[in-house]
Amino acid sequence: MQMIYTIQNECLTVQVEDLGAQLASIRTPDGAEYLWQGDPAIWARRAPILFPFIGRLREGTYWLNGTPYAISTHGFARDMVFSLVEQGADHIALQITDTPETRKVYPFSFALTVTYTLEGNRLIKSHRVENRSAGELLYELGAHDGFRAPIEPGASMAGYAVRLPGVETVRLYGMDEALMLTPKGEQTTLEDGRLPLTPSTYGLDTMTLDAPAEGTAVLVDETGTPRVSVEFRDFPYLGIWTADKPFDTGYVCIEPWSTLPDGTFVGRELGDKAGVRRLAPGESEVLSYTTTIYGRDGGTAR
């Protein structure tokens, strides 16, 4: 049976599923829901964790020390049931470890512990990856959090944008017909650091870019007021995605990534991936990002 856990404080009520340890809801005291609630006709998921891979692989396959392995898009963590490690009123930690099934497609012994902590109107999400293998562990890790856009009914998604503070121009990575990354395209000038919510504006499935210097992406509404900000200084890459539909989908994903997805300009070995993380036997590391929720006036939502 699926379990949904709740943590809360005076600013936010957050729900987390044991399936994939993904967010299920982010609500403010006035009842406003900020997290995309899933729609099978558009995008059924809400906020999956991407581990141990980000995105698609060429021919669904990666190579490790000359041996090919087939694994699904975004890896397996999003479809595994996490065990509860610890829960308090304002925090929760859940964990998965390797299994015989995971080792068939990813031959490492590991533990992934995901911790959510509330601090005022900020939700801190930490991912601790531990190498329990006898040799070096290689992995990728990313977020795929979908936020409602618009948040309040009656507004238009077209009025929303993702703003990159301090950024005047960007060079987005390209993408071929198989959705593999290609080298960066031409430099694009942004107005007030704003990117539209639809990647198809640039002929892309996903807007992929190097993390901006401030390591922050802000979802702003039709008035330019910040509604959600994501600070991700532990992550060197950023994806922005919504389903390509002939109508407003009503959400956008702001995705901090540790590693670039597979591309035409990297080798087939996992170790060739741009940004791939490496852990020595017994070593662990924590990658975190913070999501801040704002009300209509740009202040703490209540």
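In this predicted model, Phe 76 is buried, with a relative accessible area of 11%. That value falls under the 20% below which a residue is called buried.

A pair of aromatic rings is described by the distance of the centres and the angle of the planes. Counted by ring centres within 6.5 Å, there are 17 aromatic pairs. One of them joins Phe 51 and Tyr 139, with 5.9 Å from centre to centre and 50° between the planes, a tilted arrangement. Phe 51 sits in the loop between strand E3 (23–27) and strand E4 (61–64), while Tyr 139 belongs to strand E10 (residues 137–139), so this pair ties together parts that are 88 residues apart in sequence. Phe 51 and Tyr 139 are both buried.

Phe 76 and Tyr 106 make another such pair, this time edge-to-face, with centres 6.0 Å apart and planes at 65°. The label follows from the angle, because planes over 60 degrees apart count as edge-to-face. Phe 76 lies in the loop between strand E5 (67–70) and strand E6 (83–88), and Tyr 106 in the loop between helix H1 (100–105) and strand E8 (110–119); the pair therefore ties together parts that are 30 residues apart in sequence. Both pairs take their place in one aromatic cluster, formed by Phe 51, Phe 53, Tyr 62, Tyr 69, Phe 76, Tyr 106, Phe 108, Phe 110 and Tyr 139.

The partner of E11 is strand E22 (residues 251–257), which runs antiparallel to E11 and is joined to it by 4 bridges. Within this pairing, Asp 145 stands opposite Ile 254 in E22.

A last stop is Glu 177, in the loop between strand E14 (173–175) and strand E15 (181–184). With a relative accessibility of 85%, Glu 177 counts as exposed, since the cut-off for that word is over 50%. Glu 177 and Asp 205 are 28 residues apart in sequence, and their C-alpha atoms are 9.7 Å apart in space.

Methods:
Residues are numbered from 1 along each chain as its sequence is written. This is a predicted model: local features need pLDDT of at least 70, side-chain atom pairs count only at pLDDT 80 or more; totals for chains, interfaces and linings use all residues. Side-chain values use heavy atoms; hydrogens and water are left out. Helices (H or I, at least four residues) and strands (E, at least two) are DSSP runs, numbered from the N terminus. Buried means under 20% relative accessible area, exposed over 50%, partly exposed in between (1.4 Å probe, protein chains only). Two strands pair if DSSP finds at least two bridges between them. Rings of Phe, Tyr and Trp (its six-membered ring) pair if their centres lie within 6.5 Å; planes under 30 degrees apart count as stacked, over 60 as edge-to-face and the rest as tilted.
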